[in-house]
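Please walk through this protein with the text beside the coordinates. The account goes from the overall division down to single residues.

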Amino acid sequence: MCELCMKHGAGGKWYLNAKHYSDEVVEKYGLYDFLLEQYKNFEQMSVRKVSGFSPVGMDYRMRMPIIGRIIKNMAGNMLNKQRFPKDPFKPESHIGQIVPMEDAIAIIEECAAEPIIEKNCMCRYMSRGEKEACCINFGVMSEVISQLPRFVPEKDKFHLTRKEAVERFKAHNRKGYIGTIWFGPFPYINNLCSCESPECAGIRPRVDFGIMSVHKAEYVIGLEKNRCDDCGACIIKCPFNAIEKDPYSRKIKIDLDKCFGCGVCRHVCPNDALFLLPRDIVPEVAGKY
Ligand code: SF4
Ligand code: SF4
Ligand code: SF4
């Protein structure tokens, strides 16, 4: 289990601890007002300077040896703060982890606070101008979003029953979208997202710059070699480039260090040769999140 589960999981996974979805947390931190302020100003917030650094043109600065390291540490520390933030304009305490479909279903069925909605993904909107409804929100977050028309999908129905939310999530996951769950902010869990790389503002900093913006899943992929016919379908599906063909044997090879444990490669395997293993029982990646 990752450090988040050990501290906040009450003996299980942090995102399956119902306490983090509760009304008590909402009331204790005045979350309605906090989130309304944050999401009213979402686009401005994502380009404003934090501690003197603006995210605009960040690629170049991230590649500078000393400045890059400073920014990486600052950003990682800010995102991973495990206390409720004071300032709604700072992206503090937005801690997330990759979740496979099975755990996402457990979140929706067993933990998510109602109302449940599906909102437009702001990462896709800001990076490619497309509105796609694929973030599933819970509780007070759903109430806040319902007040902000630009997040509300144009389709008639964006309030979902638990069953509908499960079906929507499954459809996104089968397309290859990466399941992610987020404290928003700590200690309240309100976003179950279906992300794409590189558009996701949570995944890209991790993949491109090594900023700890999202934890790998509690799982890693396993391959049953005698079932695999090396068709290569999973190579195309893996959003993290963790699967390739050995150039000599032409057999499938998985780089466990690159595997985030999202599980989406399983959906395209015609032979059910791919399966998830708990990260902690695989010595090569145990404890590496
Ligand atoms: S975290 Fe994922 S689904 Fe949520 S807004 Fe970002 S890309 Fe979209
Ligand atoms: S190999 Fe790992 S990272 Fe790639 S799709 Fe499969 S589970 Fe996800
Ligand atoms: S999709 Fe399945 S059968 Fe095809 S290469 Fe991948 S693991 Fe092997």
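The model is a predicted one. The protein is divided into two parts, domain 1 (3-49 + 56-209) and domain 2 (219-281). Ten residues of domain 1 and eleven residues of domain 2 take part in the contact between them. On the side of domain 1 that touches domain 2, α10 (162-175) and β5 (178-183) each supply at least two residues. By class, the residues of that side are five nonpolar, four polar and one charged. The C-alpha centres of domain 1 and domain 2 are 27 Å apart.

Which residues of α10 are buried? They are Ala165, Phe169, His172 and Asn173. These residues lie on the same side of α10, because they cover an arc of only 100° around the axis. An α-helix has 3.6 residues a turn, so residues three or four places apart point the same way. The buried residues of α10 pack against α7 (101-111), β2 (116-120), β3, β4 (159-160), β5 and β6.

The other side of α10 carries Lys163 and Ala171, which are exposed. Why does Lys163 count as exposed? The reason is its count of 10 C-beta neighbours inside 10 Å, since a residue is exposed if 12 or fewer other C-beta atoms lie within that distance. Between Lys163 and Glu196 the separation is 33 residues in sequence and 24 Å in space, C-alpha to C-alpha. Just after α10, Gly176 has a positive phi of about 110°.

The ligands come next. Ligand 1 is surrounded by 14 residues, and the closest are Cys121, Cys123, Cys193, Cys195 and Cys200. The elements that give two or more residues to this shell are α8 (122-128), β3 (133-137) and β6 (189-195). Divided by class, the shell around ligand 1 holds nine nonpolar, three polar and two charged residues. Two of these elements, β3 and β6, are also among those against which the buried residues of α10 pack.

Around ligand 2 there are 13 residues, of which the closest are Ile221, Cys238, Cys259, Cys262 and Cys265. How many charged residues does the shell around ligand 2 have? There are no charged residues in that shell, which has eleven nonpolar and two polar ones.

For ligand 3, the surrounding residues number 14, and Cys228, Cys231, Ala233, Cys234 and Cys269 are the closest. The shell around ligand 3 has ten nonpolar, two polar and two charged residues.

Gly263 and Cys238 are 25 residues apart in sequence, while their C-alpha atoms are 8.7 Å apart in space. Gly263 sits in the loop between β9 (252-254) and β10 (274-278). Apart from neighbours within four places in sequence, Gly263 is in contact with Pro100, Met101, Tyr219 and Leu276.

Some backbone details remain. Where are cis peptide bonds found? One runs from Gly184 to Pro185, with omega near -5°, and Pro185 is in the loop between β5 and β6. Another joins Ser197 and Pro198, with omega of about 15°, and Pro198 belongs to the loop between β6 and α11 (204-209).

Positive phi values also occur in residues other than glycine. Ser93 has phi near 60° and is placed in the loop between α6 (65-79) and β1 (96-98). Ser93 counts as partly exposed because it has 19 C-beta neighbours inside 10 Å. Asp230 likewise has phi near 60°, and its place is in the loop between β7 (219-223) and α12 (233-237). With 14 other C-beta atoms within 10 Å, Asp230 is partly exposed.

Methods. Residues numbered from 1 in each chain as written. Chains lettered and ligands numbered in written order. Predicted model: local features only at pLDDT ≥ 70, side-chain atom pairs only at ≥ 80, totals over all residues. Near = placed C-beta within 6 Å. Helix = DSSP H or I, 4+ residues; strand = E, 2+ residues; numbered from the N terminus. Nonpolar A, V, L, I, M, F, W, Y, C, P; charged D, E, K, R; others polar. Domains from an automatic or database assignment. Contact = placed C-beta atoms within 7 Å. Buried ≥ 20, exposed ≤ 12 C-beta atoms within 10 Å, placed from the backbone. Arc of directions from axis to C-beta.
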